[in-house]
Amino acid sequence: MKLQVQGIDEGQPIPEKFAFGVYSEEDHMSFGPNRNPEIVWDDAPEGTKSFVVMMFDPDVPSVADDVNQEGKTVSKDIPRVDFFHWLLVDVPAGTSRIPEGEDSDGVIPKGKAPGPGPIGIRGVNNYTQFLAGNPDMNGTYAGYDGPCPPWNDEIIHHYHFEVHALDVDTLALDGEFDGNDVREAMAGHVLASARVTGTYTLNPDLR
């Protein structure tokens, strides 16, 4: 299987138009255009009945005490965990493209609803947990919401865009399912996968 993420080359920085947060000299971070990139895939194997689309960041600090705190840095030595930014399941087998901006076009305070979206069924991304303590932003965030790593992190974050071809029509997931639910449900049903990885940082010392 082959995957192209338009505007993102393997191992290269992700353009700001795809980001939830962009660098700001005054406030470290401001909201970005938050558009999902166009993704196109082909050469799915025979027997493919649906696709899963996901994007996640494996570089998120497991301890958030120093995240975005003035006068502090997030150490590169802190253990890192996955943060899911985009989950679409039950994408029809005849689909091979998601247009730019189809699943997200701008930051939506309090998030987008899970369930059926423009293409496939949206799962819940981890902004739901990250913004839970912010009264202006807390809510359920589903579908695509782009990069916004800590502006004081010592490392550049990596973002894996993945498409998985499955041998089932549906994963039978509904409600507020998350990335771990998707991984568990698709285990044993993946016929092929493809990945493109981009990078992103809000730390001016790493830009």
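Predicted model: local features only at pLDDT ≥ 70, side-chain atom pairs only at ≥ 80, totals over all residues.

Me: What makes strand 8 and strand 11 edge strands?

Reply: The open sheet to which they belong has six strands in the order 8-9-6-5-10-11, with antiparallel pairing. Strand 8 (115-116) and strand 11 (190-200) each pair on one side only, and they are therefore the edge strands.

Me: How do you know that strand 6 and strand 9 pair?

Reply: Pairing requires at least two bridges. Two bridges join strand 6 (residues 80-92) to strand 9 (residues 121-122), so these antiparallel strands meet the requirement. Leucine 88 stands opposite arginine 122 in strand 9.

Me: How many bridges hold strand 10 to strand 5, and how many to strand 11?

Reply: Seven bridges join strand 5 to strand 10, and 10 bridges join strand 10 to strand 11. Both pairs of strands run antiparallel. In strand 10, histidine 164 is the bridge partner of valine 52, while histidine 157 stands opposite tyrosine 200 in strand 11.

Me: What makes strand 10 a mostly covered strand?

Reply: Nine of the 10 residues of strand 10 are buried. Buried here means under 20% relative accessible area.

Me: What is the order of strands in the three-stranded sheet, and how do they pair?

Reply: This open sheet has the order 1-4-7, with antiparallel pairing. Its edge strands are strand 1 and strand 7 (97-98), each of which pairs on one side only. Two bridges join strand 4 to strand 7, and the criterion is at least two, so the strands count as paired. Valine 40 stands opposite arginine 97 in strand 7.

Me: Why is the pair of phenylalanine 83 and phenylalanine 130 called edge-to-face?

Reply: The angle between the planes is 75°, and planes over 60 degrees apart count as edge-to-face, so the name applies. Phenylalanine 83 lies in strand 6 and phenylalanine 130 in helix 1 (residues 127-130), so the pair ties together parts that are 47 residues apart in sequence.

Me: Are these two phenylalanines buried or exposed, or something in between?

Reply: Phenylalanine 83 has a relative accessible area of 10%, which is under 20%, so this residue is buried. Phenylalanine 130 has 44%, which lies between 20% and 50%, so this residue is partly exposed.

Me: Why is the pair of tryptophan 86 and tyrosine 144 also called edge-to-face?

Reply: The planes of tryptophan 86 and tyrosine 144 stand at 85°, which is over 60 degrees, and the ring centres are 5.1 Å apart, so the pair is edge-to-face. Tryptophan 86 lies in strand 6 and tyrosine 144 in the loop between helix 1 and strand 10, so parts 58 residues apart in sequence are tied together. Tryptophan 86 is buried, at 0% relative accessibility, and tyrosine 144 is buried with a relative accessible area of 0%.

Me: What makes arginine 183 a charge over the ring of phenylalanine 56?

Reply: Arginine 183 lies over the face of phenylalanine 56, at 4.7 Å from the ring centre. The distance limit is 6 Å, so this value falls within it.

Me: Which residues have the most contacts inside the largest nonpolar core?

Reply: They are Leu3, Ile39, Trp41, Val53, Trp86, Ile98 and Phe161, in a core of 36 residues. Another core, of 14 residues, lies apart from this one and includes Ile121, Val168, Leu171 and Phe177.

Me: What is stated about the phi of histidine 28 and of alanine 172?

Reply: Neither residue is a glycine, yet histidine 28 has a positive phi of about 75° and alanine 172 a positive phi of about 55°. Histidine 28 is found in strand 3 (residues 28-31) and is partly exposed, at 24% relative accessibility. Alanine 172 lies in the loop between strand 10 and helix 2; its relative accessible area of 66% is over 50%, so this residue is exposed.

Terms used: Residues numbered from 1 in each chain as written. Heavy atoms only, no water. Helix = DSSP H or I, 4+ residues; strand = E, 2+ residues; numbered from the N terminus. Phe/Tyr/Trp six-rings, centres within 6.5 Å; stacked < 30°, edge-to-face > 60°. Buried < 20%, exposed > 50% of the residue type's maximum accessible area, 1.4 Å probe, protein only. Lys NZ or Arg CZ within 6 Å of the ring centre and 35° of its normal. Core = buried A, V, L, I, M, F, W, Y, C linked by side-chain atoms within 4.5 Å.
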